[in-house]
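User: I'm new to reading protein models. Could you walk me through how helices pack and what a core is?

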Amino acid sequence: MFVFLAITMLMARNKKLEIQDYWSMDPLSHQPIFGKYMSRNRYQIILRMLHFSQNEDQVPGDRLAKVRMPLKEITKNFKEAMVPFENLAIYESLVLWKGRLSFKQFIKTKSHRFGIKIFVLCDVETDFILDIIIYTGSTTEYTKTDPSLGISCAVVNTLIKPYLNRGHKLFIYNWYSSPSLDNYLHKRKTNVTGTVRKNRKGMPTLLAKLKVGQTESQHTKTMLVVKWKDRRDVFMLTTQFEDKMVHIGKNDHQGNAILKPVAVMHYNESMGPIDKTDMLLSSVVSKQCVRRTIKWYKKLFFHLIDLSLLNAYSAYKTCTGLKTNLADFQY
């Protein structure tokens, strides 16, 4: 099985149209490394028979029953492998899947758009993935501890729960962000910064028509809401930063210093590197030829292997202090 997984990961670095092409004897595409360690028929038999649960033992209503075993083991290892730094972030990932599936999602901002949605908790400094929740509709495994919090807030609370009361700073997108969530986490010694929808319950009314670069804000004892005019209106909600404009180190075409609210600057610095995870998965790690015709739970399993590889890469850089790219580390 280790050889099977190794060959599957190696396929990502030698992309071909069909699985059997990796064992082709055509002089133009022949790569002897694959046939040296496993025959084509052996590889395809293992891929076809790959299974993680007994059908008769599945719990009725458990939509992740077919992948429960590796999911539980891998996420357990993620949680135990690292004590995170100060800054954490929560974002969404999408595993490409266009077949029939009851909890398939459409996210227009993702490159794949259709697939299985995963909520990811990540350490900002190292990009290490600490925990994940797979969205399965009404059966999504989150803990709603406070009745006043909605589903998005409950997802955040479930992911961040082991790290509450430790002084962490959390960065989130506007789907999660709300005044009620920020209050809830602030009482548990966790600061939050993120974009926010202006129509969220509890949001103040900011009606001023701003010119580019101008801001409007309101605050309570614990929270600050900033409306900033960039190419469009940007709303930020934070329990950490003050209402202050800072120079980001760049000038516009007229030579004037570019200023941004301090909350926006730190949000961009923290969330920007996180977005590269999906890029790495699609450009370096992805194995579309292997996954095109397999079952959804096998595809999800291979995605978990990809996440494990990214975490190993992150841990290697953190522990050794060496700078190398993912492609070289993958070899």
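User: At what angle do helix α5 and helix α6 pack?

Analyst: First, this is a predicted model, where local features need pLDDT of at least 70, side-chain atom pairs count only at pLDDT 80 or more, and totals for chains, interfaces and linings use all residues. Residues are numbered from 1 along each chain as its sequence is written, and side-chain values use heavy atoms, without hydrogens and water. Helices are DSSP runs (H or I, at least four residues), numbered from the N terminus. Axes are lines fitted to C-alpha atoms over the stretch in contact, and angles run from 0 to 180 degrees between N-to-C directions. Here, α5 (residues 151-160) and α6 (residues 179-186) pack at about 25°, their axes 10 Å apart. Angles under 35 degrees count as roughly parallel, so α5 and α6 are roughly parallel to each other.

User: Which residues make the contact?

Analyst: Contact means heavy atoms within 4.5 Å. From α5 come C153, V156, N157 and I160, and from α6 come L181, Y184 and L185.

User: How do α1 and α3 pack?

Analyst: Helix α1 (residues 2-11) and helix α3 (residues 40-49) pack at about 100°, with axes 11 Å apart. That makes α1 roughly perpendicular to α3, a label for 65 to 115 degrees. F4, I7, T8 and M11 of α1 meet Y43, I46 and L47 of α3.

User: How many residues are in the largest nonpolar core?

Analyst: A nonpolar core is a set of buried (under 20% relative accessible area, 1.4 Å probe, protein chains only) Ala, Val, Leu, Ile, Met, Phe, Trp, Tyr and Cys residues joined through side-chain atoms within 4.5 Å. The largest has 55 residues, and F4, Y43 and W296 have the most contacts inside it. Helix α10 (residues 296-320) gives the largest share, eight residues.

Notes. Helices (H or I, at least four residues) and strands (E, at least two) are DSSP runs, numbered from the N terminus. Angles under 35 degrees count as roughly parallel, over 145 as roughly antiparallel, 65 to 115 as roughly perpendicular and the rest as oblique. Buried means under 20% relative accessible area, exposed over 50%, partly exposed in between (1.4 Å probe, protein chains only).
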